[in-house]
Each structure stands twice: as C-alpha cells, then as structure tokens.
Amino acid sequence: MHLEVEQLRALATLAEELNFTRAAQRLGVAQPALSARISRIERRLGRKLVERSTRSVQLTDTGLELLRRAAPMLAELDRQLSRGSSG
C-alpha cells in the first residue's frame with residue numbers, strides 16, 4: 001500500500017493536536033480538506049484511523065500503529081529537508 005507524505009503528515013499533525021481545526025491550521029489547509037484527507041486514507045485501508053465526536057478526536061489502534069510506523073520516516077524526511085535547505 002502506498003500513502004503520500006502529505007497523508008502521513010496529516011495523520012501525525014492530527015494525532016498531535018487531537019483537533020481537526022487546529023491541525024488544519026498548522027497544515028495550512030481548510031478543516032474540511034483535512035477531514036477528507038483522513039477519510040481517503042481510511043477508505044484506502046478499509047479501517048478507521050480516527051474516532052470522531054463533537055467533543056473529541058482519538059486515534060484508533062490502527063491509527064496509532066500507522067503513526068508509530070510513519071513517525072520515524074517523517075522525522076528522517078524533515079532532517080533531510082532541513083539539511084538540504086541549509087547548505
């Protein structure tokens with residue numbers, strides 16, 4: 001399965017904020033666009049990544065596992081990008 005960096009970053013940011021509006025602001029996208037991005041990942045995987053309610057957002061076990069696998073890749077990508085832009 002292939003996920004784009006933007007999709008993984010969206011999940012990681014949402015996991016940090018646990019709020020779609022704040023996560024969308026950090027990513028520089030509209031909240032409906034972030035929600036749609038997460039929904040597309042869920043459809044692709046056939047599993048829920050996020051439990052949503054009017055008061056809270058929580059990652060499911062699947063969401064936590066995907067984040068656990070994606071976080072080191074995103075961190076390394078950020079390191080490489082910051083190295084490239086500083087030289």
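The structure is a predicted model in which local features need pLDDT of at least 70 and side-chain atom pairs count only at pLDDT 80 or more, whereas totals for chains, interfaces and linings use all residues. Residues are numbered from 1 along each chain as its sequence is written, and side-chain values use heavy atoms, with hydrogens and water left out. The mean pLDDT of the protein chain (the predictor's confidence in each residue, from 0 to 100) is 91, and 95% of the residues reach 70 or more. Confidence is highest in helix α2, at a mean of 96, and lowest in helix α4 (residues 61-86), at 88.

The protein chain holds four helices and two strands, taken as DSSP runs numbered from the N terminus (H or I of at least four residues for helices, E of at least two for strands), and these elements follow the order α-α-α-β-β-α along the sequence. The radius of gyration, taken over C-alpha atoms, is 13 Å, close to the 12 Å given for 87 residues by the globule rule (2.2 Å times the number of residues to the power 0.38), so the chain is as compact as a globular protein of that length. The C-alpha trace spans about 45 × 25 × 15 Å along its principal axes. Buried residues (under 20% relative accessible area, with exposed over 50% and partly exposed in between, for a 1.4 Å probe and protein chains only) make up 32% of the 87 residues.

Two packed helices are described by the angle between their axes and the distance between the axes. The axes of α2 (residues 20-27) and α3 (residues 31-45) come within 8 Å and cross at roughly 100 degrees, where axes are lines fitted to C-alpha atoms over the stretch in contact and angles run from 0 to 180 degrees between N-to-C directions. The two helices are therefore roughly perpendicular to each other (65 to 115 degrees; under 35 is roughly parallel, over 145 roughly antiparallel and the rest oblique). Contact, meaning heavy atoms within 4.5 Å, is made by Phe20, Thr21, Ala23, Ala24 and Leu27 of α2 and by Gln31, Leu34, Ser35 and Ile38 of α3.

Leu18, in the loop between α1 (5-17) and α2, has a positive phi of about 50 degrees although it is not a glycine, and at 35% relative accessibility Leu18 counts as partly exposed. Leu81, by contrast, lies in helix α4 and is exposed, with a relative accessible area of 53%.
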